[in-house]
Amino acid sequence: MSNEALLNTLLTSTVEPVFVTDADSRLLRFSRVLETLVGWTQSEALGQPIERFAELCGQTEVARLVRTASALGRICKGEVTLHGHTANWLLTVEPVLEGGRVNGCIGVFRNAAEGVLHQVGFDALTGLPNRELFNDRLLQALNNAGRARKSVAVMHLEVDRFGEMVDVLGRASGEKMLHEVSERLQQCLRTSDTVARLDEDRFALLMQITAVDDSVLLTEKIHQAFEKPLAPAEQNDVAVTCSVGISIFPTDGATPEELMKNSIIALSHAKHSGRNRSLFYSNDMNARAKHRMEIESGIRRALKNQEFLVYYQAKVDVAHGRVAGMEALVRWRDPEKGLVSPAEFIPVAEDSGLIEQIGLWVLEETCKQSCRWQAMGLPPVRASVNVSARQFRNRNFVASVAETLSATGLDPSLLELEITESMLMGDIEAIITRMEELRKLGVYLSIDDFGTGYSSLSYLSRFPITTLKIDRAFVRDVQSNPHTAEITRAIIGLSRGLELEVVAEGAEVKEEVEFLQTNGCELVQGYFYGRPLPAEEFAAMLKQGIRPL
């Protein structure tokens, strides 16, 4: 690498405001940080006398220190203020000597009161520019691009499932992970590009482009950079992916606010489309984003106005024709729209964190309803309640379950918590500990959607579970796909071998129920025996029972 390239790299990456002059005290270079402080680009500054720069800074002392250091061949220091900044700065000017003669000077500004990282817009954890500095650079880039009729790409990037990983690995490992993420991002960029850390696990990238393909190539490099796992903890390599949203100036916005907003919308759609992907903003995304915001607002109102209901779907003992259990399923009755599909509001609730409030309400309501039915003389049956990943990770979850059981008086053996198989990834020991705490309360534990996740079978015997639930994707294909039929038989056999109860969900026709019964699955749930019902209608089913096959 040439001296020129080294100088450019240094001034691009340094976190301090730095400038370089030649032997005649004319500006040669200065750092990006100083660009932001004084609002002057490299091209505008090149060759300008130090007096012009001092005038721009609003401080003639800057020129005096440079001229003195150049004339005397020694370091000069002085306290200065910069135009538009209230903080005092300590300027150190050091002459560059060659053969005993002064060939130029290097000036470095340091904040006299606080750490320079915070003062000049850099993130203390990663050393990357922060939101304020990124916004300054974005505005500057748009001004330059507008004059030159060029394009600018703005990207928002988020580490997928970062919160879940921090819950498992701990905050220290999370910070180490962010360090490594920032380093990999910087390796993907050109010297003229910018990457900033906005907050927690969200980053922003800025690049001037001549064609949209430039930004496509960058996102491909970014995804490739994360193909190798990170090592934030001594004994854990973590596979990390990221989602990216992209907006382009001037087609997707003319102001920093518009471009930032639209890249965030694109990021949201990248996450909801399966994560680990990059998406460009489109007008259609904006409409869908507004719809999601309306759904989230509606959920908050529904929680406040008690618009949620619990429906119940029977788990049937096929051989004896009786309701042996039930699954509690949340429904939302909007006063204007009527019943809102769970597929529409559950994903929004999960992303917004509102799923925890909904989940706790469903748990409490189900326990209360079970007690009401018993008071009416109906046969007690175990109620299954779905647990979201956010609920399960919450350190207060076990205490919430215990408080609910105590407050309602429900026998713990009549409550089953359904945990999806995909939640059993991460710190296995911590997951097992949480499960054991729940089992000590006397409640039952079920693995939902079994066969669709990635949990290791080697741990299955260690999980203190009582039930495996075969996913409907297998059940609906048992008649048409021999391989699916064999997998379903294997899951039933595995359950029986581990002395676990096995439930098959999604059975819709008689042939599916007969297949399941013939192969040893005693409990079946699905439309064949009825759709989820409101509490009053489900009570009638409990009274009447189910006719055997």
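In this model, strand β7 and strand β8 (residues 202-209) pair in the antiparallel sense over five bridges, where two strands count as paired if DSSP finds at least two bridges between them. The model is a predicted one, in which local features need pLDDT of at least 70 and side-chain atom pairs count only at pLDDT 80 or more, whereas totals for chains, interfaces and linings use all residues. Residues are numbered from 1 along each chain as its sequence is written, and side-chain values use heavy atoms, with hydrogens and water left out. Helices (H or I, at least four residues) and strands (E, at least two) are DSSP runs, numbered from the N terminus.

**Parallel strand pairs**

- Strand β14 (residues 322-334) runs parallel to strand β16 (residues 382-386) and is joined to it by four bridges, with R382 in β16 as the bridge partner of G325.
- On β16 there is also a parallel pairing with strand β17 (residues 415-420), again over four bridges, in which V385 stands opposite L417 of β17.

**Nonpolar cores**

- A nonpolar core is a set of buried Ala, Val, Leu, Ile, Met, Phe, Trp, Tyr and Cys residues joined through side-chain atoms within 4.5 Å, and buried means under 20% relative accessible area, with exposed over 50% and partly exposed in between (1.4 Å probe, protein chains only).
- The largest such core has 80 residues, of which I299, L415, L417, F463 and F538 touch the most other members, while helix α14 (residues 355-375) gives the most to this core, with six residues.
- Leaving out residues up to four places away in sequence, L417 has contacts that include L363, V385, V387, F397 and V401.

- T219, which is found in helix α10 (residues 212-225), is buried, with a relative accessible area of 6%, and touches M155, V244, I246 and S278, not counting residues up to four places away in sequence.
- In helix α13 (residues 342-352) the buried residues are F345, I346, V348 and A349; they lie on the same side of α13 because they cover an arc of only 170° around the axis, the arc being that of the directions from the helix axis to the C-beta atoms.
- Just after α13, G353 takes a positive phi of about 90°.

**Cysteines**

- The structure holds zero disulfides, a disulfide being a pair of cysteine sulfur atoms within 2.5 Å.
- For C188, the nearest cysteine sulfur is that of C242, 8.8 Å away.
- C188 counts as buried at 6% relative accessibility, and C242 counts as buried at 2%.

Definitions and conventions
Contact means heavy atoms within 4.5 Å.
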